[in-house]
Amino acid sequence: DETSLTKNSQVYPPFLAETNQPYPVEKLPITKAMGGEKSFVDDMEIRQPGKIIPVQCWGAPIFDENGSIKFGLVALIDMTHQKEITESLQSREEFFRNLFEEGPIGMTLSFPDSTLVNANRAFCNMLGYPKDQILGKSFLEFTHPEDIPSEQLLSQKLFDKLIPKYQVEKRFITQKGQTIWCNLSASVIRDLNDEPMFRLAIVENITDQKEAE
């Protein structure tokens, strides 16, 4: 009955995840199991002194030979480790996102056809374009015409898996029509099947160095 369910839930009091609200008794998998329903919840936490345990919980009724509910079966899985992994991955993703966006050296992501998917602040400032005038355009549109053939060849070899990466000195044309020399290092970002998805290019302005030479 509901009284016994409430007492049992007080041994390891369940809460709605990331809140101080007790998990509603009517939504507990054991409650649903005793009502003849199968259920699954993944928004539950078990509170113990000095410890919060995120759990996934399944519930199912067990019937007797007459079809009446005899038991309620509940399974709990401690999701602490999985949650730690998820949070670690999210933290790393946020770190690399900030590194990309705010890094001092230009960075771009582009599709195999050279269409720019993303470009960081340093790259946009280097060429003098706002970001919305760069994304969606071909990387080659900002490349010096004399450097386009070699750029296309190297990029194609990269996506054809003929080379793992490449580094080259090349020229870009800024919004003001100026030619700047850059050192470009390119590699690929692969999907789960190890197929190339994007070209990651790190672009460093070396115009001053080239002029000095």
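Biologist: How far does the backbone nitrogen of leucine 140 lie from a polar atom of the side chain of serine 138?
Modeller: This is a predicted model, in which local features need pLDDT of at least 70 and side-chain atom pairs count only at pLDDT 80 or more, while totals for chains, interfaces and linings use all residues. Residues are numbered from 1 along each chain as its sequence is written, and side-chain values use heavy atoms, with hydrogens and water left out. A polar contact is a pair of N or O atoms within 3.5 Å, within protein one able to donate a hydrogen and the other to accept it, and residues adjacent in sequence count only if both atoms are side-chain atoms. From leucine 140 nitrogen to the serine 138 side chain, the distance is 3.1 Å.

Biologist: Leaving aside neighbours within four places in sequence, which residues is serine 138 in contact with?
Modeller: Serine 138 sits in the loop between α4 (121–127) and α5 (148–159); helices (H or I, at least four residues) and strands (E, at least two) are DSSP runs, numbered from the N terminus. With contact taken as heavy atoms within 4.5 Å, the partners beyond those neighbours are Asp113, Ser114, Thr115 and Leu116.

Biologist: Why does methionine 34 count as partly exposed?
Modeller: Methionine 34 belongs to helix α2 (residues 29–34). Buried means under 20% relative accessible area, exposed over 50%, and partly exposed in between (1.4 Å probe, protein chains only). Methionine 34 is therefore partly exposed, because its relative accessible area is 39%.

Biologist: How many aromatic pairs are there?
Modeller: Rings of Phe, Tyr and Trp (its six-membered ring) pair if their centres lie within 6.5 Å; planes under 30 degrees apart are stacked, over 60 edge-to-face, and the rest tilted. By this rule, the count is six.

Biologist: What angle separates the planes of phenylalanine 40 and tryptophan 58?
Modeller: This pair joins strand β2 (residues 39–48), holding phenylalanine 40, to strand β3 (residues 51–63), holding tryptophan 58, 18 residues apart. Phenylalanine 40 is partly exposed at 39%, and tryptophan 58 is also partly exposed, at 36%. The centres lie 4.8 Å apart and the pair is tilted, with an angle of 45°.

Biologist: What is the centre-to-centre distance between phenylalanine 123 and phenylalanine 172?
Modeller: Phenylalanine 123 in helix α4 and phenylalanine 172 in strand β7 (residues 165–173) are 49 residues apart. Phenylalanine 123 is buried at 0% relative accessible area, and phenylalanine 172 is likewise buried at 0%. The pair is edge-to-face, with 85° between the planes and a centre-to-centre distance of 5.8 Å.

Biologist: Which residue forms one aromatic cluster with Phe123 and Phe172?
Modeller: Phe123 and Phe172 form an aromatic pair. The cluster containing both also includes Phe139.
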